[in-house]
Amino acid sequence: MNTAARILAFEPPGTYSTPLEDPYLDFKTILSSLEEALLVVDVQGMVSFMNPAAEQITGYRKEEAIGQPIHHIYRLFDESTMEPVDTPPATMIRQNSGAAFRRQIGLINKVGESRSITDSATVLQNEDGHRIGMLIVFNDITESRRLEEERAHRQLRSVLGQMAAGIAHEIRNPITAVYGFLELLKINRDFGRYPEYFEIMRAELDQMNSSITALLSLARGHGMEMMETNLNQIIHEIAPRINAEAALNHQELQWQLGDIPNTMLNQDEIAQMVLHLVRNGLDATPMGGRLDLRTYRRDSQVVLAVQDYGQGISENVLRRLGTPFLTTKETGLGLGLVICQSIAEKHQAAITVETGEGGTTFTVCFNGLSG
């Protein structure tokens, strides 16, 4: 049996004059020093070796893992469906030689955290051609994937903003004309019997105009005008609109506005972000339910939190939050959170989400306090 096969099969080495001359020790040191995570599985599907990189990603120490079934240590799931995926079974060892697979997949570590990894597997043979196990090589790409997705989202938001800026003028001109003609028709006695129709049409035009304004926020760069103001003051100004929308479905909106300092904000943009977050929360809140809106100071940050008590966000949707045109509503473009993220970035703020069966909380943390 050659040295590599003997090491991976854990067959005791021969006698050497000094440890440094023992190729078994040298080879084992190399395996343990690799940045790639390594797992070796014997023909029964039991873990027989793991290096420190594998310990770090899976969360299991080698003393815990060796001798355990591979599916206890290496727990995989399909990131698109969130369904569990079988780990390489012993049948693959018996039936294959060479590379068994190469893929991108999800992994659940010891403490229940999900990670994105790439992995591949190779069937191991000794010098006699007998299959002695399987080598699994994997890498944690969670952070690099997150950065790549953020970069893609920023690029798409930029494209959407440029498109919005290009067509806003063409759309708003006819909207203004329609506004004018509606006002003329309202004062015409021939149409005096239909005032409610005019109000409906005007409301729809207002909604279109509001959507255009929201899209234009994607086109505004980081050089937009900021001023020292208080987040609570912005919320107070839009409170009547928020209360009116909650009242339509007999929903309760609880305000808990804390004592917070001023910070540098663009009032129009922040008002738009708060409205989007509250409307999303109201959409997730059942009729007669409650929505909480809180502001408070945490260390050097001003924090806004919008909490609903709905059914929570599914894992599949949660992973794709902020993707343009992603929506679970029957109506809407799915751009609300995209716009919120764009506004937050321009304010050097961060949006986080916590969700579960008891509801969802969106939190916005603003830096750069003014006082």
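Me: A salt bridge is a side-chain nitrogen of Lys or Arg within 4 Å of a carboxyl oxygen of Asp or Glu. How many salt bridges does the structure hold?

Reply: This is a predicted model: local features need pLDDT of at least 70, side-chain atom pairs count only at pLDDT 80 or more, and totals for chains, interfaces and linings use all residues. Residues are numbered from 1 along each chain as its sequence is written; side-chain values use heavy atoms, without hydrogens and water. The salt bridges number 10.

Me: Which strands hold aspartate 140 and arginine 115?

Reply: The two side chains meet in a salt bridge, 3.1 Å from N to O. The pair ties together parts 25 residues apart in sequence, because aspartate 140 lies in strand E7 and arginine 115 in strand E6 (residues 114-125). Strands are DSSP runs of E, at least two residues, and helices are runs of H or I, at least four, numbered from the N terminus. The strands are E7 and E6.

Me: Is aspartate 140 buried, exposed or partly exposed?

Reply: Buried means under 20% relative accessible area, exposed over 50%, and partly exposed in between (1.4 Å probe, protein chains only). Aspartate 140 has 31% relative accessibility, so it counts as partly exposed.

Me: What is the angle between the planes of tyrosine 74 and phenylalanine 138?

Reply: The structure holds one aromatic pair. Tyrosine 74 and phenylalanine 138 form it, 5.0 Å centre to centre. Rings of Phe, Tyr and Trp (its six-membered ring) pair if their centres lie within 6.5 Å; planes under 30 degrees apart are stacked, over 60 edge-to-face, the rest tilted. This pair is tilted, and the angle is 55°.
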